[in-house]
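Please look over the sequence and the model before reading on.

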Amino acid sequence: MSYFEILASWHPAVLGAAVFVFGLLVGSFLNVVILRYPQRLMHYWRCQCRELLEIASESDGSQAPPSLVVDRSHCPKCQAKIAWYDNLPLISWLILKAKCRACGAKISLRYPLVELIAAILSVLVILEFGPSAQGLAALALTWTLIALTGIDFDHQLLPDQITLPLLWLGLILNLWLGLFVTLEEAVIGAVAGYGILWSVFQLFKLLTGKEGMGYGDFKLLGALGAWLGWAALPAIILIASLVGAIVGVLLIILARHGREVPIAFGPYLAAAGFVVLLYGDRITQYWMGF
């Protein structure tokens, strides 16, 4: 009996609870990725610039940011190391009443929110695909989209080090296993996903002289096309554009967000990709019926 068959034999409530707890743990790690990975990338880019310009590495006194795995978490205000019992996903935030044990500094709601989102979305994925190879792959895609969303919100950056491996992984999974679509649909989806937004970018730049989006958006849509196939792209683009437009208008009206201030588009692509991952067939059937 395979591991998937063993998991499938569990009671749905037990399986859902186990996935929820595991999702909380993954969400805790995603918080680390969202916080530290851009810092490490920027440190690496600064080192490259210094090397290119032949500037001594000690000139700015910068040190490498903490690693994603080895270095323990610490309070950003007092720098106190966080004990394991104060770093339990969601639970510690509630017990500590959103305050650092050492200095009493407020702990952002963002940390438990990311953990809770990862847990809930993980349960939704397993409910849709079950404990299977397809479900495991869908979990990996979901967690990656959460990390990209957080990074793009903070830095308006979709790192190639994440989007490009995500694209290749989608192609490989559909090549070997055909988990979501055929290889032909995946390849066309990757090419079309990148090409559509690249074309929109070039047309907008030609008409206005401005850059309407970043290259990371092209690669993310290409990655989603590699996972879900070319037929999923219209729904992803439509949902992402609609939600992005609504949020952008609300920011301008309610938060007085200037029209010239850029808004990250990656989070809306990621959210739309997740919706289509779970409910793409139903959305397509509804649309065709309509």
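This is a predicted model: local features need pLDDT of at least 70, side-chain atom pairs count only at pLDDT 80 or more; totals for chains, interfaces and linings use all residues.

## Helices α6 and α8

On the α6 side they are Asp160, Thr163, Leu164, Leu166, Leu167, Leu169, Gly170, Leu171, Leu173 and Asn174. On the α8 side they are Lys219, Leu220, Gly222, Ala223, Ala226 and Trp227. By class, this contact has ten nonpolar, four polar and two charged residues.

Helix α8 covers residues 215-228. The α6 and α8 axes are 8 Å apart, and the packing angle is about 15°. That angle is under 35 degrees, so α6 is roughly parallel to α8. The crossing of α6 past α8 is left-handed.

## Threonine 163

Threonine 163 sits in helix α6, which spans residues 160-176. Is this residue buried or exposed? Threonine 163 is buried, and its relative accessible area is 0%.

Which residues does threonine 163 contact, leaving aside its neighbours within four places in sequence? They are Leu148, Leu158, Lys219 and Ala223. Lys219 and Ala223 also belong to the α8 side of the contact with α6.

## Helices α4 and α5

The axes of α4 and α5 cross at roughly 155° and come within 9 Å. The angle is over 145 degrees, so α4 counts as roughly antiparallel to α5. Here α4 passes α5 in a right-handed crossing.

From α4, the contact uses Arg110, Val114, Ile117, Ala118, Leu121, Ser122, Val125, Ile126 and Phe129. From α5, it uses Gln134, Gly135, Ala138, Leu139, Thr142, Trp143, Ile146, Gly150 and Asp154. The residues of this α4 and α5 contact divide into eleven nonpolar, five polar and two charged.

## Helices α2 and α5

Helix α2 runs over residues 12-53, and helix α5 over residues 133-155. Their axes lie 9 Å apart, at an angle of about 40°. α2 and α5 are therefore oblique to each other. The crossing of α2 past α5 is right-handed.

Which residues meet here? α2 brings Phe22, Val26, Leu30, Val33, Ile34, Pro38 and Met42. α5 brings Trp143, Ile146, Ala147, Gly150, Ile151, Asp154 and His155. The residues of the α2 and α5 contact split into eleven nonpolar, two polar and one charged. Trp143, Ile146, Gly150 and Asp154 of α5 meet α2, and these four α5 residues also meet α4.

## Cysteines

How many disulfides does a search of the whole structure find? It finds zero. Cysteine 75 is in no disulfide, and its nearest cysteine sulfur, that of cysteine 78, is 3.7 Å away. Cysteine 78 is in no disulfide either, and its nearest cysteine sulfur, that of cysteine 103, is 3.6 Å away.

Cysteine 75 has 5% relative accessibility and counts as buried. Cysteine 78, at 33%, counts as partly exposed.

## Arginine 72

Arginine 72 lies in the loop between α2 and α3, where α3 is residues 91-95. With a relative accessible area of 47%, arginine 72 is partly exposed.

Not counting residues up to four places away in sequence, arginine 72 touches Arg36, Lys81, Ile82 and Ala83. How far is arginine 72 from asparagine 87 in space, C-alpha to C-alpha? The distance is 9.9 Å, and the two residues are 15 apart in sequence.

## Positive phi outside glycine

Lysine 97 has a phi near 55°, a positive value in a residue other than glycine. Lysine 97 lies in the loop between α3 and α4, and α4 is residues 110-129. At 68% relative accessibility, lysine 97 counts as exposed.

Glutamine 156 is not a glycine, yet its phi is positive, at about 50°. Glutamine 156 is placed in the loop between α5 and α6. Its relative accessible area is 44%, and glutamine 156 is partly exposed.

Terms used: Residues are numbered from 1 along each chain as its sequence is written. Side-chain values use heavy atoms; hydrogens and water are left out. A disulfide is a pair of cysteine sulfur atoms within 2.5 Å. Buried means under 20% relative accessible area, exposed over 50%, partly exposed in between (1.4 Å probe, protein chains only). Axes are lines fitted to C-alpha atoms, for helices over the stretch in contact, and angles run from 0 to 180 degrees between N-to-C directions. Helices (H or I, at least four residues) and strands (E, at least two) are DSSP runs, numbered from the N terminus. Angles under 35 degrees count as roughly parallel, over 145 as roughly antiparallel, 65 to 115 as roughly perpendicular and the rest as oblique. A crossing is left-handed if the near helix is turned anticlockwise from the far one by less than a right angle, and right-handed if clockwise. Contact means heavy atoms within 4.5 Å. Ala, Val, Leu, Ile, Met, Phe, Trp, Tyr, Cys and Pro count as nonpolar, Asp, Glu, Lys and Arg as charged, and the others, Gly among them, as polar.
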